[in-house]
Amino acid sequence: MALEKMPKGLWARANAISGWLTRREGDLLYSLCRSPWCELGSWAGRSAVILAARGPGTCVDWFREGNQPSHLEDNVPSTCTILHSDFRDAADLVEPGLRFLHLDADHSYAATKEAWDLYMPKLEPGGHVVIHDAWVYGTVHNPWPECTMFVEELMADQEGNGILHVYDVERSAAFRKL
């Protein structure tokens, strides 16, 4: 399946927001996302703006710069529910029936696995999950080796994990739930 490109105007809106998501990774999110969706780690909202173009969803993020908010509320449309919370504390607030999940929060092995374990049961079969900062195929410098380790373990036992690895785009690894 070829990835659908997001509209140029949508990328212009997203790219005006601080963040590390690239255009190609944005196309991956846009192509795979279906509503309802949930994003763990929305920060200022660059990726959330792209996801919101596909319909209503939930942003979960605890980030603050000092005492200043990340401006997530200023950047995402009102169709997004924003939960200023650690993903662990928000898990009970996110309803089952998700069709898309974007994991981009704490990048340690333990936290990535915990986010997977808490939110994957909420994802419908056939839905997609994208893990950002997976760096699966290596780079000169991988700042998130524990996240990469978790993703490589998922890929090594896809059937046992009930998933199919469908894409790698730059730092993002995408899976479909079986």
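User: Okay, a cavity is a set of grid points where a 1.4 Å probe fits but cannot get out, and its lining residues have an atom within 4 Å of a point. How many cavities of 30 Å³ or more are there here?

Analyst: One quick note: this is a predicted model. The count comes to one cavity of 30 Å³ or more. About 80 Å³ of space lies in the largest cavity.

User: Which residues line the largest cavity?

Analyst: The lining is made up of L40, L103, D104, A105, D106, H107, A111, T112, A115, I131, H132 and C147.

User: And which element gives the largest share of that lining?

Analyst: That is α6, with three residues.

User: C147 is on that list. Where else does C147 come up, say in α7?

Analyst: C147 is one of the buried residues of α7, along with T148, F150, V151, L154 and M155. They cover an arc of only 160 degrees around the axis, so they sit on the same side of α7.

User: Why would residues a few places apart point the same way?

Analyst: An α-helix has 3.6 residues a turn, so residues three or four places apart point the same way.

User: What covers the buried residues of α7?

Analyst: The cover includes the helices α6 and α8, and the strands β7, β8 and β9.

User: What span should the 12 residues of α7 have?

Analyst: At 1.5 Å a residue, α7 should span 16 Å, and its end C-alpha atoms are 16 Å apart, so the two agree.

User: New topic: α2. How many of its 10 residues are buried?

Analyst: Eight of the 10 are, so α2 is largely enclosed by the rest of the structure. They are E25, G26, D27, L28, L29, Y30, S31 and L32. These residues pack against α1, α3, β6, β7, β8 and β9.

User: Let's zoom in on S31. Why does S31 count as buried?

Analyst: Buried means under 20% relative accessible area, and S31 counts as buried because its relative accessibility is 6%. Leaving out residues up to four places away in sequence, S31 touches A2, L3, E4 and R54. A polar atom of the S31 side chain also lies 3.0 Å from the backbone nitrogen of E4.

User: And D27, which residues does D27 touch?

Analyst: With the same exclusion of residues up to four places away, D27 touches E4, K5 and M6. D27 counts as buried too, at 4% relative accessibility.

User: R54 touched S31. Where does R54 lie?

Analyst: R54 is in the loop between α3 and β2. At 23% relative accessibility, R54 counts as partly exposed. Beyond its neighbours within four places in sequence, R54 is in contact with E4, Y30, S31, C33, R34 and S35. A polar atom of the R54 side chain lies 2.7 Å from the backbone oxygen of Y30.

User: Last topic, the backbone. Which residues does a cis peptide bond join?

Analyst: It joins S35 and P36, with omega about 0 degrees. P36 is in the loop between α2 and β1. Most peptide bonds are trans, and most residues other than glycine have a negative phi.

User: What about W43, what is its phi?

Analyst: W43 has a positive phi of about 45 degrees although it is not a glycine, and W43 lies in the loop between β1 and α3. D133 has a positive phi as well, near 65 degrees.

User: Is D133 buried or exposed?

Analyst: D133 is buried, with a relative accessible area of 8%. You will find D133 in the loop between β7 and α7.

How values were computed
Residues are numbered from 1 along each chain as its sequence is written. This is a predicted model: local features need pLDDT of at least 70, side-chain atom pairs count only at pLDDT 80 or more; totals for chains, interfaces and linings use all residues. Side-chain values use heavy atoms; hydrogens and water are left out. Buried means under 20% relative accessible area, exposed over 50%, partly exposed in between (1.4 Å probe, protein chains only). A polar contact is a pair of N or O atoms within 3.5 Å; within protein, one must be able to donate a hydrogen and the other to accept it, and residues adjacent in sequence count only if both atoms are side-chain atoms. Contact means heavy atoms within 4.5 Å. Helices (H or I, at least four residues) and strands (E, at least two) are DSSP runs, numbered from the N terminus. The expected span of a helix is 1.5 Å times one less than its number of residues. The arc is that of the directions from the helix axis to the C-beta atoms. On a 1 Å grid over the protein atoms alone, a cavity is a set of points where a 1.4 Å probe fits but cannot get out, and a pocket is an open set with protein on both sides within 12 Å along at least five of seven lines; lining residues have an atom within 4 Å of a point. Grid points are joined across faces, edges and corners, and a volume is the space filled by probe spheres set on the points.
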